Amino acid sequence: MEILEELKILGSCRIQDLARRLDVSEETIRRNVRSLAEQGIVRKVHGGVYLAEAVQEPTFSQRMNVNPDAKRRVAGAVAARIRNGDSLILDIGSTTAFVARALRNHHDLFVVTNSIAVAQSLATRNNNRVFMAGGELRPHDAGAFGREAINFVRQFNVQHAILSAAAIDATTGFMLFDMQEAEFSREIMRRSNHVLVAADSSKFGGLAPIRIAPPEDVDLLITDAAPPTDLQDFLKQANVAVEIASDVPAPDMSE
């Protein structure tokens, strides 16, 4: 994860420079780079490494403007499943931010998150209790990650984990671009009684380099259109229920 964070800043880097920046041996860097390359996350060149094209994800603000109507419908369907007084953990995804907006008329919620956008939508209103993971906030999405965030969520046991996904296919299942996000998602899945993925249909058949978890660990996918047949079969075999939000009226999410 440290190698990827450096490459996100630099784009590419020489092996010896990475070793110096991370204060480890060059062999340690090479060993980890080999593993990342085998997963398709990075590309090796002589003496250096660079991020594979597939791991370049738009910024959070850009993602908020992608398919907003579909995300609103998905968010409305998710909010309809949450009762006043429920406890939930929400991740950093843009769709999850729409879910938080759709929950603003709920009250007495117990909310755990690592997302500033989620916390801003739900804190200090309707007698909600909002717990924000600590640590350094990443500049491109204002999310808290790392060991502090993982240790923080381990204190909780909630009813619902609400996750986003960057891609969903009939081979791998639910995927993300970022290793830290995937690690956080796995931890909140462990801390929840019910795991719900909120993702619009543009994610079907997409590619991302990191699997979140085995698909069997997800209870429900809420989306805005029926998945393609191969993905439907894949999800059915993994016992993942699918709810289509296309007929759910989009809630008013004006600030």
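The views show a predicted model, in which local features need pLDDT of at least 70 and side-chain atom pairs count only at pLDDT 80 or more, whereas totals for chains, interfaces and linings use all residues. Residues are numbered from 1 along each chain as its sequence is written, and side-chain values use heavy atoms, with hydrogens and water left out.

View 1. Asp91 lies in the loop between β4 and α6, where helices (H or I, at least four residues) and strands (E, at least two) are DSSP runs numbered from the N terminus. With a relative accessible area of 3%, Asp91 is buried; buried means under 20% relative accessible area, exposed over 50% and partly exposed in between, for a 1.4 Å probe and protein chains only. Leaving aside residues up to four places away in sequence, Asp91 touches, among others, Thr96, Thr113, Asn114, Ser115 and Ile188, a contact being heavy atoms within 4.5 Å.

**View 2. Helix α6 and its packing.** Helix α6 (residues 94–102) is largely enclosed by the rest of the structure, because eight of its nine residues are buried. These buried residues are Ser94, Thr95, Thr96, Ala97, Phe98, Val99, Ala100 and Ala102, and they pack against α4 (60–64), α5 (68–81), β4 (87–90), α7 (116–122), β7 and β10 (192–198). Arg101 lies over the face of Phe98, at 5.5 Å from the ring centre; a charge sits over a ring if NZ of Lys or CZ of Arg is within 6 Å of the ring centre and within 35 degrees of the ring normal.

**View 3. Aromatic pairs.** A search of the whole structure finds five aromatic pairs, counted where rings of Phe, Tyr and Trp (its six-membered ring) have centres within 6.5 Å, with planes under 30 degrees apart taken as stacked, over 60 as edge-to-face and the rest as tilted. One of them joins Phe110 and Phe156 edge-to-face, at 6.0 Å centre to centre and 65° between the planes. This pair links distant parts of the chain, since Phe110 is in strand β5 (residues 110–113) and Phe156 is in the loop between α8 (147–153) and β7 (158–163), 46 residues apart. Phe110 counts as partly exposed at 22% relative accessibility, whereas Phe156 is buried, with a relative accessible area of 13%. The rings of Phe145 and Phe184 have their centres 6.0 Å apart and their planes at 75°, so that pair is edge-to-face. Here, too, distant parts of the chain are linked: Phe145 is in the loop between β6 (129–132) and α8, and Phe184 is in helix α9 (residues 179–190), 39 residues apart. Phe145 is buried at 7% relative accessibility, and Phe184 is buried with a relative accessible area of 1%. Ring pairs also link Phe110, Phe131, Phe152 and Phe156 into a cluster.

**View 4. An open sheet.** Three strands form an open sheet in the order β8-β9-β11, with antiparallel pairing; two strands pair if DSSP finds at least two bridges between them. The edge strands, β8 (167–169) and β11 (210–211), each pair on one side only. Three bridges join β8 to the antiparallel strand β9 (residues 173–176), and Asp169 stands opposite Gly173 in β9.

**View 5. Two residues with positive phi.** Most residues other than glycine have a negative phi. Asp23, in the loop between α2 (15–22) and α3 (26–38), has a positive phi near 60° and is exposed, with a relative accessible area of 71%. Thr124, found in the loop between α7 and β6, has a positive phi of about 55° although it is not a glycine, and Thr124 is likewise exposed, with a relative accessible area of 83%.
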